[in-house]
Amino acid sequence: MKGGVRFFVGVVLVGVIAGATGFGLYWHYLGNGRTDDDARQMLPADLAMTDLNGHVHKLSEWRGHLLLINFWATWCGPCKKEIPALVQAQKTYGARGFQVIGPAVDDPTAVRQEQGLLGIDYPVMVGTPETMIGLMNTLGNQPGGLPFSVLVSPDGMILQRHLGEFDPKDLNALIQQYLPD
Amino acid sequence: MRYLRHLLCALALGLALPCAAAGWPASAGGHRQALTAEQAFQLLPPARHGDTVQLEWSIAPGYFLYRDRIQVRADGRPMTLVLPAAQPYDEPGAGMVQVYRDDLKLRLKAPAGSVLQVRYQGCSDQGICYPPQSYRYPLKNH
């Protein structure tokens, strides 16, 4: 009987230690509100996009800027709704090293027309859905929806990902959080 | 052998605790993950009844398909579709649109042996939109 009780206590102890270890590992790596999405990673150095004139640009071209990569499309209502806020952010913070680029999951003709209507004065890239979905997946957009934005530090670290439309106040707060004084 | 069984049970229980902890934030109303387009707009394989083909979509709650972006081609030729009535929706950034929610059934005449190409597009009420989806279905000969 005493041996049985001792064994039972030992089994419970092993279970508690295993649980505490597992929970501790979880909390250290993913707890405190962090998710895999927030885990820092470098922007892949060889990522490239094509502009409306057919020129290829590597994203590393914008090293040294606080970079907001905003994927959008002319057929995406929420995308077009948030673009004025992005245009304003570029005007407000551009001199301090902030840069928006707008890769469109779209046809170049439609993008050219919409670029003028929306007053987009930051670099616009363009690509087929297949190309852009692959690119967005690499940057952490598993659902593949739009609008999708990625904020990248001047030294190429992905700071935040955002799927869906930005609230203008949240956008400004986010930029000011990471923009050097 | 019995002691080993007990030990394994204790280890399994211990390992189950962090799994429950990992799932708790989501089940407690944390950030709702967006679905992929395939999950949000499930197009079932076409069902044939003689010369009639039925297409059916199962649309996830909180998501919708645009009525005017549903297209079907048979062997590359656009088909005239008789689409059911849709719901009006005042979409932010786009204005008034006609959309389908929950499920959509569409019947059309398509000759046996033809290849159907079905194209559709939708968004979520959370303001996330998806590129056009396109699927090819070869219809078998009778």
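Author: A definition is needed at the outset: two strands pair if DSSP finds at least two bridges between them. Please note also that this is a predicted model.

Reader: Which residue of β8(A) stands opposite A:Q41?

Author: Strand β1 of chain A covers residues 41-42, and strand β8 of chain A covers residues 157-163. Two bridges join these strands, which run antiparallel. Within β8(A), the residue opposite A:Q41 is A:I158.

Reader: How many bridges join strand β7 of chain A to β8(A)?

Author: Strand β7 of chain A spans residues 148-152 and runs antiparallel to β8(A). One facing pair consists of A:S149 and, in β8(A), A:H162. The number of bridges joining β7(A) to β8(A) is five.

Reader: Which residue takes a positive phi in the hairpin of β7(A) and β8(A)?

Author: In this hairpin, four residues lie between the strands. A positive phi near 90° is taken there by A:G156.

Reader: Which element gives the most to the lining of the second largest pocket?

Author: The second largest pocket holds about 280 Å³ of space and is lined by 16 residues. At least two lining residues each come from α4 (129-138) of chain A and from α2 (37-40) and β12 (133-138) of chain B. With four residues, the element that gives the most is α4(A).

Reader: How many residues of that lining are charged?

Author: Those nearest the centre of the second largest pocket are A:I133, B:E38, B:P131, B:P132 and B:Q133. Across its lining, seven residues are nonpolar and six are polar, while the number that are charged is three.

Note on methods:
Residues are numbered from 1 along each chain as its sequence is written. Chains are lettered from A and ligands numbered from 1 in the order in which they are written. This is a predicted model: local features need pLDDT of at least 70, side-chain atom pairs count only at pLDDT 80 or more; totals for chains, interfaces and linings use all residues. Side-chain values use heavy atoms; hydrogens and water are left out. On a 1 Å grid over the protein atoms alone, a cavity is a set of points where a 1.4 Å probe fits but cannot get out, and a pocket is an open set with protein on both sides within 12 Å along at least five of seven lines; lining residues have an atom within 4 Å of a point. Grid points are joined across faces, edges and corners, and a volume is the space filled by probe spheres set on the points. Ala, Val, Leu, Ile, Met, Phe, Trp, Tyr, Cys and Pro count as nonpolar, Asp, Glu, Lys and Arg as charged, and the others, Gly among them, as polar.
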